[in-house]
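I set down here, in order, what I looked up in this structure. Each entry takes up one topic.

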Amino acid sequence: MIESAMVKAARSILWFRRDLRLSDNPALLAAIDAGTEIVPVFILDKSLIKTAGSKRLAYLGQSLRALDESLDGALHVISGNYIAVLKELMQKYNATSVHVCAEYEPYGAARDQKCEDAGIPLVRSGSPYAVAPGRVRKPSDGTPYRVYTPFYKAWCAHGWRAPAVTPKVIPSIKPEGFGREFPEWTLPEGTQLTEAGEKAALKRFKYFQANALDSYDEDRNFSAIDGTSKLSAHLKWGEIHPRTLLAQLGESKAHDVFRKEIAWREFYADVLFHNPHTEHDYYAPKFAQMRYDKPEEKFVAWCEGRTGYPFVDAAMRQMLHEGWMHNRTRMVVASFLVKDLHIEWQHGANFFMEHLVDFDVASNSHGWQWTAGCGTDASPYYRIFNPIEQGKRFDANGDYIRKYVPELAHLSADEIHEPWLAAQGYAQGYAVRIVDHATERLESLARLQEIKST
DNA sequence: TTTTGAGTTGTTCGA
DNA sequence: GTCGAACAACTCAAA
């Protein structure tokens, strides 16, 4: 009796990072278990703010407000160096442990290591994944997988836990006279983001389940259809956990395709965990030897969505406007940058990092590398997206283009993918093509030829 | 150790 | 318009 009372007298800190939710949160449960009271905190570290663009920061600000509301105003939000802030909090509240959700990507893993080196008693519970990076390995020799399909099979066979319970009562300490440094991040004029927070995430998942999940295998490719889950930002910030999603999936084709998308996120997290340098470097080193062009005027045109290729420009403007881009068009714009403009993937990846609300370092770096052909799967050298054909195939009516490129809104479905063939194609000031796709495709193949078997 | 089959998302050309 | 073949060679996983 006395002993358990003494154990329970401890206070614990719950350090939120990318797990901004209360349900299915093992670190929260561990923190409650470890102390009579918990101190929930989010730390605004400079390095976090430096790498996130205004849209991601605005989303984060919203998500923190939502988390604070569900904690009944108990969330401490503090600017400063994470080690200094944690030490201060531990002293102030006489806390003996700091509970976190483990992180595995280079920045997060290094940060947590620094905390431990500085004497912070971190207790890791759970991870942002159904299966933590490093767990799925080849049975033959224990090394990690480098190919997706066998990884997926092994990942399924490994399995995952059922979602954790949601605590009924969270005995948290409210900040008094400090710790309420909620950022006033505002959006650039004209931008519009999806709603942030755990409630919004669950609402979106339910909507997706009711309206799009059963036709996901087909509809997810069409950029004008709301056929994807749009859960990426919620997953990025941990407003919902992949376990929660997986627990709701069945065995149909459509459900399996969605499960595979979740597994892609985990595969790339695993690949980056085992190869931290591939955050910025080539997974296939020989691609570093290829001839590339410097990011100059054409790169700027790509960034601003005025390449003269309607599908590419619509996609880039969608990202600038919403902080999100459809999966299909992410590949199209990436292929265009790397194979039509011959610019290294890192420039595109950095631009995505600045503008995507859902930016995830593993998915981003390896998604780009897949398109560039230097990533994990041995991409056939001839896989070069045709931006015109992709538009015709996946946005046949041109609705997606019309929505984001008003200079083309007056064109019919037959004209909109090739304004250069339409009499009124440039009547509203649309940009002239910066390159010729057929020419640049051949150029790209020629440059690839130069690094063949080197 | 050797062998074999397979590898997210495409495009073009010619019949 | 539709359809199948061709487009390199290599690496990986597993038998």
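**Entry 1: helix α17**

I began with helix α17 and found twelve of its twelve residues buried, so the helix is largely enclosed by the rest of the structure. The model I am reading is a predicted one. Helix α17 covers residues 361-372. From its first C-alpha to its last it reaches 16 Å, close to the 16 Å expected at 1.5 Å a residue. I listed its buried residues, among them Val 361, His 366, Trp 368, Trp 370 and Ala 372. The list also includes Ser 363, Asn 364, Ser 365 and Gln 369. I then asked what covers the buried residues of α17. The cover includes α12 (253-274), α15 (327-340) and α16 (345-355). Just after α17, I noted that Gly 373 takes a positive phi of about 90°.

Asn 94 is not a glycine, yet its phi is positive, at about 55°. I located Asn 94 in the loop between α5 (82-93) and β4 (95-100). Is Asn 94 buried or exposed? Asn 94 is exposed, because 9 other C-beta atoms lie within 10 Å, and a residue with 12 or fewer counts as exposed.

His 342 likewise has a positive phi of about 55° without being a glycine. His 342 sits in the loop between α15 and α16. With 18 C-beta neighbours inside 10 Å, His 342 counts as partly exposed; 20 or more would be needed for a buried residue.

**Entry 2: confidence**

I checked the pLDDT next. Chain A averages 95, and 97% of the residues score at least 70. Over residues 1-7 the pLDDT is below 50, and this stretch has zero contacts in the model beyond near neighbours in sequence. I noted that where pLDDT is low, the predicted coordinates should not be read in detail.

**Entry 3: domains**

The domain assignment of chain A gives domain 1 (2-127), domain 2 (129-163 + 198-274) and domain 3 (285-450). I found the C-alpha centres of domain 1 and domain 2 to be 25 Å apart. Their contact takes 17 residues from domain 1 and 18 residues from domain 2. On the side of domain 1 that touches domain 2, I read eight nonpolar, four polar and five charged residues.

I placed Lys 138 in the loop between β5 (122-124) and α7 (148-158). Lys 138 is partly exposed, with 13 other C-beta atoms within 10 Å. Not counting residues up to four places away in sequence, Lys 138 touches Thr 143 and Tyr 145. Its C-alpha lies 7.9 Å from that of Ala 154, 16 residues away in sequence.

**Entry 4: Arg 317**

I ended with Arg 317, which lies in helix α14 (residues 310-322). Arg 317 is partly exposed, with 19 other C-beta atoms within 10 Å. Leaving aside neighbours within four places in sequence, I found Arg 317 in contact with Gly 305, Tyr 404 and Val 405. Arg 317 and Ile 401 are 84 residues apart along the chain, and their C-alpha atoms are separated by 9.7 Å.

Note on methods:
Residues are numbered from 1 along each chain as its sequence is written. Chains are lettered from A and ligands numbered from 1 in the order in which they are written. This is a predicted model: local features need pLDDT of at least 70, side-chain atom pairs count only at pLDDT 80 or more; totals for chains, interfaces and linings use all residues. Domain bounds come from an automatic or database domain assignment. Two residues are in contact if their C-beta atoms, placed from the backbone, lie within 7 Å. Ala, Val, Leu, Ile, Met, Phe, Trp, Tyr, Cys and Pro count as nonpolar, Asp, Glu, Lys and Arg as charged, and the others, Gly among them, as polar. pLDDT is the predictor's confidence in each residue, from 0 to 100. Helices (H or I, at least four residues) and strands (E, at least two) are DSSP runs, numbered from the N terminus. The expected span of a helix is 1.5 Å times one less than its number of residues.
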